[in-house]
Amino acid sequence: MIERPYDGCGKCLLGVRRLSRVKLATSSPERQREDVLTAAASVGAHIIGWADDWEVSGATDPMTRPKLGPWLRDERGPYDGLVAAAVDRLGRNVVDCLNTGYKMRDEKKLLVTYGHEGPWDLDDPADENRFTMEAWGAQMELRAIQRRNRDATVKTRAAGRPKGKPSYGFRYVREVMGGKVDRVELHPHASHVIREVARRILADPDNVTPSSEAARLNRSGEPSPADHLAVMYGKPAGGRPWQPTSLKNILLSEAALGYLMHRGKPVLDKEGNPVRLCEGLWDRATHEALKKARPQAVWNEALEPCLSADGDPSLRAVP
C-alpha cells in the first residue's frame with residue numbers, strides 16, 4: 001500500500017502539492033498526485049499524508065505555507081522526507097527551494113521529485129547543480145508570470161476595467177464563463193448587508209460601532225467577506241468571522257462609491273475624473289458622514305485597495 005500511516009520504516013514521506021489557482025477545468029491536482037505516488041514508489045517509499053496548498057502562490061515561503069509549513073516547522077509529527085511532482089512545487093525561487101532542500105539534507109531526510117532518479121543528494125555537486133538549475137528555472141518562470149500579470153493589470157486599468165477580486169457588496173458579470181469582466185454590478189445580498197451596517201452606524205453612532213456590527217453579523221451567521229467571496233466563486237466557506245478592521249475598511253473606502261481603484265485610490269481618466277464601474281453602495285454625502293460618525297481614532301486602520309461606485313438615493317447621510 002503506497003499510502004499508510006507513519007511506521008518508522010525510514011521511508012515515510014509527505015506528499016507535497018501546490019497550485020496557485022484552482023479552477024474547475026484543471027486536472028493539475030490529480031496529475032500531481034499521480035506523479036507524487038509514482039515518485040514515492042520508485043524509491044520504495046510510502047505516503048503518510050498530503051501537504052496540499054491550493055490557492056497558494058509559488059512566491060510563498062514554504063515555511064509559511066498553510067499546509068506544508070507546519071510540517072517543516074516540526075509541528076505535525078515525524079516524517080522521513082518530502083516527495084513532490086517537481087521542484088517548482090516546493091518553491092518558485094532559488095532561495096526557498098535550496099533552503100527546503102538543505103533542510104532535508106541536514107536533517108537526514110529524503111527529498112524526492114518526479115522525473116529525478118532516486119532521492120536528491122545535495123552533497124553531490126552534480127545533483128546540487130541540477131537541483132539549483134531546476135529551482136532557477138522555476139524562479140524565471142515566476143518572474144515571467146509576474147511580469148505578464150503586471151502588464152495585463154496596467155492594460156486593464158487603462159481600459160477602465162477591473163482586475164482582481166470584487167469588493168464586498170459588488171460582483172463581476174461575465175457573458176462568457178471564464179472570459180473578461182463585461183460589467184460590475186451590486187451584489188443583491190451583500191450590498192443589502194453592508195448598507196444595513198452603514199444605516200445602523202449613522203442612525204446611532206454613539207452606540208453602534210464596527211466592532212458591535214461585526215459581532216452582530218457573526219451571531220447571525222452572515223458569511224464574512226472572505227467566505228462570501230469563496231462561495232460566490234464556487235468554493236467552500238472557511239468559517240472565517242467578520243473582523244471590525246475589515247468592516248471599517250469596507251465602510252470607509254472610496255471603493256464603496258463605485259470607482260475603479262488602484263492602491264487604495266480611485267483611478268482617474270484623462271480628464272482627471274474618477275473612473276466609475278457601476279452605481280455605488282451609497283453616495284458621497286453618506287461616505288463623508290461615515291467618516292465623521294466616529295472619532296477619527298476609531299477609523300485609524302489603513303484602508304484596503306478595492307472596487308467602488310456612486311449614488312444610491314436611498315442611502316442619504318443622517319442629519
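Me: Contact means heavy atoms within 4.5 Å. Leaving aside its neighbours within four places in sequence, which residues is glycine 69 in contact with?
Reply: Glycine 69 touches Pro62, Met63 and Thr64. This is a predicted model, where local features need pLDDT of at least 70 and side-chain atom pairs count only at pLDDT 80 or more, while totals for chains, interfaces and linings use all residues. Residues are numbered from 1 along each chain as its sequence is written, and side-chain values use heavy atoms, with hydrogens and water left out.

Me: OK. Where is glycine 69 found?
Reply: It is in helix H2, residues 68–72. Helices (H or I, at least four residues) and strands (E, at least two) are DSSP runs, numbered from the N terminus.

Me: Is glycine 69 buried or exposed?
Reply: Buried, because its relative accessible area is 0%. Buried means under 20% relative accessible area, exposed means over 50%, and partly exposed is in between, using a 1.4 Å probe and protein chains only. Alanine 51 is 18 residues away from glycine 69 along the chain, and their C-alpha atoms are separated by 8.6 Å.

Me: Zooming out, how many helices and strands are there?
Reply: The protein has 9 helices and 8 strands. Of its 319 residues, 44% count as buried. Among contacts with a separation of 6 or more, 67% are between residues 24 or more positions apart.

Me: Take strand E1. How many of its residues are buried?
Reply: 8 of the 8, over residues 12–19, so E1 is largely enclosed by the rest of the structure. In a regular strand the side chains alternate between the two faces of the sheet. In E1 both faces are covered: Cys12, Leu14, Val16 and Arg18 are on one side, and Leu13, Gly15, Arg17 and Leu19 are on the other.

Me: In which sense do E1 and E2 pair?
Reply: Parallel, over 8 bridges, with E2 covering residues 46–54. Two strands pair if DSSP finds at least two bridges between them.

Me: What are the bridge partners of leucine 13?
Reply: Isoleucine 47 in E2, and glycine 81 in E3.

Me: Switching to cores. Which residues touch the most other members in the largest nonpolar core?
Reply: Ile194, Trp242, Leu251, Trp282 and Leu290, out of 36 residues in that core. The largest share, 7 residues, comes from H5. A nonpolar core is a set of buried Ala, Val, Leu, Ile, Met, Phe, Trp, Tyr and Cys residues joined through side-chain atoms within 4.5 Å.

Me: What do the buried residues of H8 pack against?
Reply: H5, H6, helix H7 (225–232) and H9. The buried residues of H8 are Leu247, Lys248, Asn249, Ile250, Leu251 and Leu252.

Me: Now charges. How many salt bridges does the structure hold?
Reply: There are 25. A salt bridge is a side-chain nitrogen of Lys or Arg within 4 Å of a carboxyl oxygen of Asp or Glu. One of them joins arginine 216 to glutamate 213, with the closest N and O atoms 2.7 Å apart.

Me: Where do arginine 216 and glutamate 213 lie?
Reply: Both are in helix H6, 3 residues apart, about one turn of the helix. An α-helix has 3.6 residues a turn, so residues three or four places apart point the same way. Glutamate 213 is buried, at 1% relative accessible area, whereas arginine 216 is partly exposed, at 22%.

Me: And what does arginine 89 form a salt bridge with?
Reply: Aspartate 88, with the closest N and O atoms 2.9 Å apart. Arginine 89 counts as buried, at 11% relative accessibility, and aspartate 88 counts as buried too, at 18%.

Me: Last one, the surface. Which residues form the nonpolar patch?
Reply: Met133, Trp136 and Met140, with about 320 Å² of accessible area together. Patches are made of residues with over 30% relative accessible area and no salt bridge, where like charges are joined within 9 Å and nonpolar side chains (Val, Leu, Ile, Met, Phe, Trp, Tyr) within 5 Å. Methionine 140 lies in helix H4, residues 125–158, and is partly exposed at 36%.

Terms used: Accessible areas come from the Shrake-Rupley method with a 1.4 Å probe; for residues, only the protein chains shown count as cover.
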